[in-house]
Amino acid sequence: MTWRGSTTVPDRIFACLPYLLPLIDGLVFGRFLFTQFPVLQVLLLPLQPVLIIYGSLGQLGQLIVFFALFLLVVRNEKISHFIRFNTMQAILLDIVIFLCSILVRILGQVPGTGFAIETVANTIFLGVVVAVGYSVIQSLIGRYAEIPAISDAVHMQVR
């Protein structure tokens with residue numbers, strides 16, 4: 001969908017940046033895959049500077065980044081709709097990742113669920129990578145990335 005005017009190249013690039021948030025927060029679910037296939041860790045090398053900076057913020061700093069994106073980008077109508085839409089979608093993906101981490105934590109309390117936890121974590125990680133990859137590609141093309149249920153919620157939030 002390419003409505004609300006055309007997008008400029010800087011808008012497309014800025015629309016991709018918020019997707020680093022769910023990607024970084026979703027990496028914790030990939031630990032089983034990275035252990036089984038160490039070669040995959042090479043894919044993380046371009047993210048290393050961002051991982052170091054984001055990790056050094058601590059939980060409070062990460063929470064501040066989360067709310068700053070919401071309050072300073074999504075709610076700022078001076079910023080293009082395209083950037084605000086993608087920022088809100090990245091925030092909602094991050095919320096889904098947080099809820100999934102609660103699910104995995106609860107499953108971890110049940111004895112004998114090691115294989116189930118590993119399977120769920122791998123599935124969540126691959127889902128996050130696919131959703132972020134799809135969204136970034138669509139943003140670079142200049143299209144709105146439509147993810148079922150999440151994009152509907154984004155449309156309700158971003159005017």
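**A tour of the transmembrane regions and helices**

Begin by selecting residues 12-32, 52-74, 86-107 and 119-137, which an unreviewed UniProt entry marks as "transmembrane region"; such annotations may be inferred rather than shown by experiment. The model is predicted: local features need pLDDT of at least 70, side-chain atom pairs count only at pLDDT 80 or more, and totals for chains, interfaces and linings use all residues. Residues are numbered from 1 along each chain as its sequence is written, and side-chain values use heavy atoms, without hydrogens and water.

Select residues 12-32 next. This stretch is 67% helix and 0% strand, with its end C-alpha atoms 33 Å apart. Residues 86-107 are 100% helix and 0% strand, and there the end C-alpha atoms lie 31 Å apart. Helices are DSSP runs of H or I, at least four residues long, numbered from the N terminus; strands are E runs of at least two.

Move to Ser-135, in helix H7 (residues 114-141). Ser-135 is buried, at a relative accessible area of 0% (buried means under 20%, with a 1.4 Å probe and protein chains only). Leaving aside residues up to four places away in sequence, Ser-135 touches Tyr-19, Gln-89, Ala-145 and Ile-147; contact means heavy atoms within 4.5 Å.

Finally, display H6 (residues 81-109) and H8 (residues 150-157), whose axes come within 9 Å and cross at roughly 130 degrees. Axes are lines fitted to C-alpha atoms over the stretch in contact, and angles run from 0 to 180 degrees between N-to-C directions. The contact involves residues including Phe-85, Gln-89 and Val-96 of H6 and Ile-150, Val-154 and Gln-157 of H8.

Technical notes
Buried < 20%, exposed > 50% of the residue type's maximum accessible area, 1.4 Å probe, protein only.
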